[in-house]
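Please examine the sequence and the structure shown here before reading on.

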Amino acid sequence: MVNAEYNVKEMQQFLSMTNGLYDIVRLVDPVECRQITIEDGSVRINEGCYNVWDSSQRCINCSSYKACMGGQRREKEEFFADKVYHILSNPVKLRLDDGTVLKCVIEFITSHTASEQERARTNDRANEAYESASLIDPLTGLLNWDGFHQGARKLLLKHKDEPCLIIACDILKFKLINSLFGRQKGNDVLIEIAGLLRPYASEDILVGRLQADQFALCMPKALFSEESLALSINEITNLLNEGSYRLRFQAGVYEIVDPELPIAVMYDRAVMANVTTREDSGSPIHWFNESMLEDLLYQQEVTSGFEKTLAAGEYQIFIQPQVDEEGRVAGGEALARWIKPDGTIVPPIKFIPVLEKAGLISRLDRHVWELAAKQLAAWKDTDLGHLHISVNISALDFYYIDVYRVLLDLVEKYGIDRKKLKLEITETAVMNDVEKQILRVQDLRNAGFAVEIDDFGAGYSSLAMLKDIEADVLKIDMGFLRETEHADRSRRVLEAIVRMAGKLSMDTITEGVETKDQVEMLTAMGCHQFQGFYFAKPMPVPEFEKFALQFSMQPLTC
C-alpha cells in the first residue's frame, strides 16, 4: 500500500478497518503538520497533527515528513510525556472529489509507558536528532542555510591551501510555478531539483537548499567540472519546461579569494553572477567579476526607486511615427523612456532588462498603456483624432495581470476608440503556448482592439501559427532589411511574407526602414506602413504632434 492512491470513500473505509489494530491510526499532511479527518465522505483538514503528543510545535526530524517526501515507509520511536510512541509512517495519496491528489501519510501508532532506561535513551536520541535536523532542509533533505554555512567554513579550513568555489543556483521567475500550478507543484519541482543535485554531495562537496528556489554548492576548485554542472542544469531546465512557460535554471560561480570573508558575503557574490547576467547570454553558468558589484548597485537603484520615479512622472512615452504608403503619418508606436529630473534620458536598454528581471515590467507596461490611452483621449475632436497609438504587450503581461480587463478599463476610463489603441504582441509570446494565445488574441479582437503580431521573423517563425491565429497586422522585423551577403534571399523572403499577409487579410508594417530605396522596394511589394529612422526617430509627444500635423497636410516625400 506504499504510495497507493485512494478516493475519499476508500480512505474512510481503510481507516475504519485498521483503527482497532493500533492505539492510533490517522491520516496526516506532514508537509504542513495537519491532521486530515474524513467523516461521512467529507474531508476536513485540521491544524497541528503534533497535538496528539500534547506538543505545540512541529516534531523534530519528522519521520512522516521523510516518508511523504521520499515515498518510502518510515519507522520511528518518539518520547512524549513519559510515553514511548512507535510510529509507522506509510506514504499514500488521497484523491479528492474534484480530482485533486494530496500527498499524505497514514500513521499507525502504538504506545506504552516509558521505563527509566527508555527515557534516558530517547532523550539522547532527541538531542542528536535536534542537532541534525536543525541543519537540514526538511523539504529536500539537503543542508539548510545553517548547515551549509557551518559546513562551508569547515571545508574552507580543511582546504585552506587550495582555491575553492561557492556556486549559487536558482530558477529565474520561480514564482510563476507557484502562481500557475500551485505551491505543491512548486515543492515537487524543488524536490526533483534536489534529487539531481544530491549526487554531487560528498565529504568535500557541500550541497544545500538555502531558501525558496535557491540552491548552493561549495567545493575545492579542483573538483569542479563546468561541463558536468552544465549537463545537470540542462536536465533541470528541461524539467521546468512544460509548455505553459519556459523557465531557466542557472548558476553563478564565485572563486573565493579571501577565505576569511563571511560565507554569506561569498554566497552573495555568487548570486550576483546570476542577477547581473542577461538571460540571453547563452550559457547557464556565470562567473563573478568585480564589475558585477557596480551593476548590482545600479539594478538596486532602478528597482528600489521604481514606484517613486513612476509616480513622479519620470517614465514617459516617446512615439515613433508610422507612415502609410502615401507618405502620411497614420500613428505611432509608444515606447517607454526614463527622463530624470535633470533632463537625462536613460536608454531603454539600461532599465528594461532590469525591470524584467525584477518582475516589474508589467507595471511599466500598464503605465505606458495608460499614457497612450490618455493621449488618444486628448487628440479626440482635434486634427490628430485620426491617429492611432500602438502599445507593446509582453508574454509576461499575460501571466502577471489580466490584460483583457486592464485594457477594457482603460478605453472605458478615457472614452477612446478601441481601434485607435493598437496592441503589439511579440511573435515569441504567441509561439509560447499557441492554443492559449490564440484564444487571448481572439478575445481582444472580439472586444474591438486591433492586434499586431510584432517582430515577425525575429525568431523561429511558425507558418502554422499564422494559419490558426487571426490578427489585423503583421509587423515585420527589421532584420530583413539589414545588408548582408544574403540580402537578395532576404528580399525574396520579405516579399513572400508581405504577399502571404495580404492573402490572410492582414496589413503589414515593416520596422527598421532607413533608406528611400527600402521604402520604394517595400511599397512595390505591397507593404502598407513603415517605421524607421528614414522618417523619424522616437520623439516626445509634443514633437510627434507637430510632425504628424505637418505631414497630415502634406505627405512625406518617400
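## Salt bridges between helices

Arg363 is partly exposed, with a relative accessibility of 37%; the term covers values between buried (under 20% relative accessible area) and exposed (over 50%), computed with a 1.4 Å probe on protein chains only. Glu307 is likewise partly exposed, at 41%. The side chains of Arg363 and Glu307 form a salt bridge of 3.4 Å, N to O, a salt bridge being a side-chain nitrogen of Lys or Arg within 4 Å of a carboxyl oxygen of Asp or Glu. This pair links distant parts of the chain, as Arg363 belongs to helix H12 (residues 361–379) and Glu307 to helix H10 (residues 306–311), 56 residues apart.

## Basis of the description

The model is predicted: local features require pLDDT of at least 70 and side-chain atom pairs pLDDT 80 or more, whereas totals for chains, interfaces and linings use all residues. Residues are numbered from 1 along each chain as its sequence is written, and side-chain values use heavy atoms, leaving out hydrogens and water.

## Further salt bridges

Glu424 and Lys475 form a salt bridge in which the closest N and O atoms are 2.7 Å apart. Glu424 lies in strand E17 (residues 421–426) and Lys475 in strand E19 (residues 473–476), so the bridge ties together parts 51 residues apart in sequence. Both Glu424 and Lys475 are buried. These two residues also belong to a network of salt bridges that includes Glu333 and Glu511.

Another salt bridge joins the side chains of Arg44 and Glu39, at 3.9 Å from N to O. Arg44 is partly exposed, with a relative accessible area of 42%, and Glu39 is partly exposed at 47%. In the whole structure, 19 salt bridges are found.

## Helix H14

Gly415 follows H14 and has a positive phi, near 60 degrees.

## The chain as a whole

The protein chain contains 20 helices and 22 strands, which are DSSP runs numbered from the N terminus (helices H or I, at least four residues; strands E, at least two). Of its 558 residues, 49% count as buried.
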